[in-house]
Amino acid sequence: MLQRKANTYRLYPDTSQRETLARIAGACRMVYNLALEQRRDWWQRHKITTGKSISFAGQCRELTTLRQEADWLREAPIHPLQQALRDLDKAYQSFFSGRGGYPSPRRKGRNDSFRFPDPASLRAERTGKRTGRIKLPKLGWITFRGWYSLPGKIRNVTVSRRAGQWFASVQCEKDCVEPTPSALPAVGIDMGISVFAALSSGANIAPGNYGKKARCALRKAQRAVSRKKKGSNNRRKAVQRVQKLHRKIANARKDFLHKVSTAIAKNHGIVVVEDLRIQNMSASAKGTAEEPGRNIRQKSGLNRSILDQAWGLFLTLLHYKLAERGAKLVRVPPAYTSQTCSVCGYVDGKSRASQARFACVACGYIDNADTNAARNILRRADSPLKPVEGYCTKQPVEAGSTGIAA
């Protein structure tokens, strides 16, 4: 079984390497935006004159001609420029298949990244106990800190800049043995806001709320940006302070999710979760001019809290960590899990006495609402769903929500 994983290292380039990295990122950004403009604004004229639609291969041929005319573009490696065109082609494929929105132009400071796809020109080696260096085309050896061994042969390297710092994500590939099925017990997880994850075993994991904790500092930093003159050095410094705060929040959140997902994957063979539509749950409630939304401020706060939990990233981490150990992640329908009694199976919205308390109106069973929902989720993994349409006419109120209409 082929397995691909990536290690991310923070780079410490010297002054000339830093300038070269910025030039390559700028060239890739320009090529991407130029190709996007061609596909967006000139595809009809191109089809009339040539009889063919714009494709990745055709834009690569035009890139070769463009590099012959522009010296500054010829100084950048060809492979990252071609990868920028490939990224645009994949973005259009995702858009036409309904998996994503229409591609948007890349912006300086937000999309400073490029990729080296040729393994023959890439090397990474250890230079000390906690240090190493990586060799990239046109850049030579660049040192980095935080060495940990590569999980296989290098396939590609993606270089990116975040909040003024450069990082290299080294993707490796190795042939590993198919893991044996895990014999560890199964567990159901109910994800929410007031409780990040409630396990069917009765354990609750408190949320990190890293975005909420830094909201005051972010508000001050963003107001400072709005007071600065556009294009000034002071504004650039203020923007960097905002970026650093976002980077700190993201790092803390990712560290929390890694620790939680690792602990769950080590102790369980089957993990059952709700198949939540996070994008729909966090959609705006503004509505339109003809049909304005209701409770917009409350729904906005709920959306912010949902996104702060990063359920999608948590499930992604949990999925691959379970697969490495021979375990599996099972998704089940989320309807009425918080209103169903885990003992008698009776469904009624009145049983959800409060946000944290469940009291069945049929059998009198009392339990924590999130734990009761987690047990229902676990039971749905290996048993057919009981019809619930006739029991309750209200929409389900899941753990962590307030039942506010969009």
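View 1. Helix 11 is followed by Gly326, whose phi is positive, near 80°. This is a predicted model, in which local features need pLDDT of at least 70 and side-chain atom pairs count only at pLDDT 80 or more, while totals for chains, interfaces and linings use all residues. Residues are numbered from 1 along each chain as its sequence is written, and side-chain values use heavy atoms, with hydrogens and water left out. Helices (H or I, at least four residues) and strands (E, at least two) are DSSP runs, numbered from the N terminus. Helix 11 covers residues 311-324, and its 14 residues reach 20 Å from first C-alpha to last, close to the 20 Å expected at 1.5 Å a residue (the expected span is 1.5 Å times one less than the number of residues). Trp311, Phe314, Leu315, Leu317, Leu318, Lys321 and Leu322 of helix 11 are buried, that is, under 20% relative accessible area with a 1.4 Å probe, protein chains only. Seen down the axis of helix 11, these buried residues fall within an arc of 165°, so they line one face of the helix (the arc is that of the directions from the helix axis to the C-beta atoms). They pack against elements including strand 8 (186-191), strand 11 (270-274) and strand 12 (328-332), where contact means heavy atoms within 4.5 Å.

**View 2. Helix 8 crossing helix 11.** The axes of helix 8 and helix 11 come within 9 Å and cross at roughly 40°; axes are lines fitted to C-alpha atoms, for helices over the stretch in contact, and angles run from 0 to 180 degrees between N-to-C directions. The two helices are therefore oblique to each other (under 35 degrees counts as roughly parallel, over 145 as roughly antiparallel, 65 to 115 as roughly perpendicular and the rest as oblique). Among the residues that make the contact are Leu257 and Ile264 of helix 8 and Phe314 and Leu318 of helix 11.

**View 3. Helix 7 beside helix 8.** Helix 7 (residues 215-227) and helix 8 pack at an angle of about 160°, with their axes 8 Å apart. That makes helix 7 roughly antiparallel to helix 8. The contact includes Ala217, Leu218 and Ala221 of helix 7, together with Val242, Leu245 and Ile249 of helix 8.

**View 4. Helix 10 and its surroundings.** In helix 10, the buried residues are Lys299, Leu302, Asn303, Ile306, Asp308 and Gln309, and what covers them includes helix 6 (210-213), helix 8, helix 9 and helix 11. Helix 10 is followed by Ala310, whose phi is positive, near 55°.

Notes:
Buried < 20%, exposed > 50% of the residue type's maximum accessible area, 1.4 Å probe, protein only.
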